Amino acid sequence: MTSASKTTTHRPQRPPRLTAGAVAAAAVGWSLVTVPGTAAAEQAEPGAELVFEQTAEPIGGVRPGDSAEVSFAVKNKGDAPATRVVLYLGGSQGLEYAKKYSNCVYEEAPAQDEGPARTNAVCDIEQTLEPGVVYEPGEPVGLKLLDRALYERLDVNILAGVNTFPDGTQHGGGADPVLKLVARTTPEAPGTVHGGELGVDITAENTADFALTGSKVRGAAGRTVEAKVTFANKGPAWARNDVYGPIGVFDVGIPEGTKVTGVPEFCEPAEAAATYRCTTPYNYADEDSERAYVFRLRIEKVVANATGKVAFVKGDNRWGTLPFDRNRTNNTAEIVVNEPGGGASSGGTTSGGTSGGTTGGTSGGTDGAASSTGGSGAGTQLDELAETGTTDGTLLAGGAAVVLLAAGGAAVAIRRRTS
């Protein structure tokens, strides 16, 4: 049987992000040299079939700065020896490998295909794995939990007969000894379940502070204003959902006396009247990240202190319960229109008539219909918005780098600390 255990060590520093590999990533995020998947499987040796025992237990009770160890068992279930064996390790972005083996190449792959960044390793196992024999690593794979760690995972895959390292271990990138597989002497337990890949979940004791902010705007009847709502993950951890759905879901109430003429991307009318439901673009949110949602509102009738409530939506999954968020004081916000004595408009801009020009990344709708408009450019998660108008502290500072996150996705505006 395999096991997963944890030890405690010093708190590591977050490593720098490295350039991505030269080939497209597989679904779990490998992008080094050759990836496991259809192309690699077609190269596999006839007769050799490598499968994992599905017995690794989830790891919990660890904190950022701790170490965790993952062991696994792989069996050649085929009828011929397995040679040219390649082991693939794919860790989530809150993990770092404790050792850099000399027969492995390491990479920090940026976010892509609507998935978060990953830390990957591809290892050349210069051994012959005999049929019917179960193998384990000579020592467990050691992992360090970074400050951003929360819901982490290590994915493991192995293939035989692939040409990832045609010249052997001289392509290795680490200084530590060779990672080897050793034959297990104890027999396999009856009824052991096997699979082509293995995944081990690692949950750290950490928090992520999800926050909502609103804005205050002013205008006369017939004017169009832009009201901004901001979703932010203030960290210290990044967070991902436990289902394939957005991690942040919140409702935006439309203030009385106004009519929506422009809707930001990832927002749509909710079942409740005068309410829009908005979501994060993906099932995760990086730490220190923000996204702005700009609603264009035409003031049909001046109502003093007209207020729309903004709040996270309750649900069964992490997107509703936010179990990692210990600070609930910033889980609600407001859009306020024409606050008495509020002075100039804040949190957005005001345009003449009922169909304003393009401002702040959104475009005005026509009378009687809300147009779907985004608050930022498509295809990125790291993007800072230029500041427009005056604000009550809800706007983002401008001028940051743009990092590609997902093909066919949309943009997420992010403010990230530098060190």
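Biologist: Is F266 buried or exposed, or in between?
Modeller: F266 counts as partly exposed because its relative accessibility is 26%, where buried means under 20% relative accessible area, exposed over 50% and partly exposed in between, with a 1.4 Å probe and protein chains only. This is a predicted model, in which local features need pLDDT of at least 70 and side-chain atom pairs count only at pLDDT 80 or more, while totals for chains, interfaces and linings use all residues. Residues are numbered from 1 along each chain as its sequence is written, and side-chain values use heavy atoms, leaving out hydrogens and water.

Biologist: Where does F266 lie?
Modeller: F266 lies in the loop between β21 (258–263) and β22, strands being DSSP runs of E with at least two residues, numbered from the N terminus. F266 has a positive phi of about 70 degrees although it is not a glycine. Most residues other than glycine have a negative phi.

Biologist: Which other residue has a positive phi without being glycine?
Modeller: D288 has a phi near 60 degrees, and its place is in the loop between β24 (284–285) and β25 (289–299). D288 is buried, with a relative accessible area of 10%.

Biologist: Switching topic, in what order do the six strands of the open sheet come?
Modeller: The order is β17-β27-β26-β20-β23-β22, with mixed pairing, where two strands pair if DSSP finds at least two bridges between them. β17 (215–217) and β22 (267–269) stand at the edges with a single partner strand each, so one side of each is left without a neighbour in the sheet.

Biologist: And which peptide bond is cis?
Modeller: The bond from G235 to P236 is cis, with omega near 10 degrees, and P236 is in strand β18 (residues 224–236).

Note on methods. Helix = DSSP H or I, 4+ residues; strand = E, 2+ residues; numbered from the N terminus.
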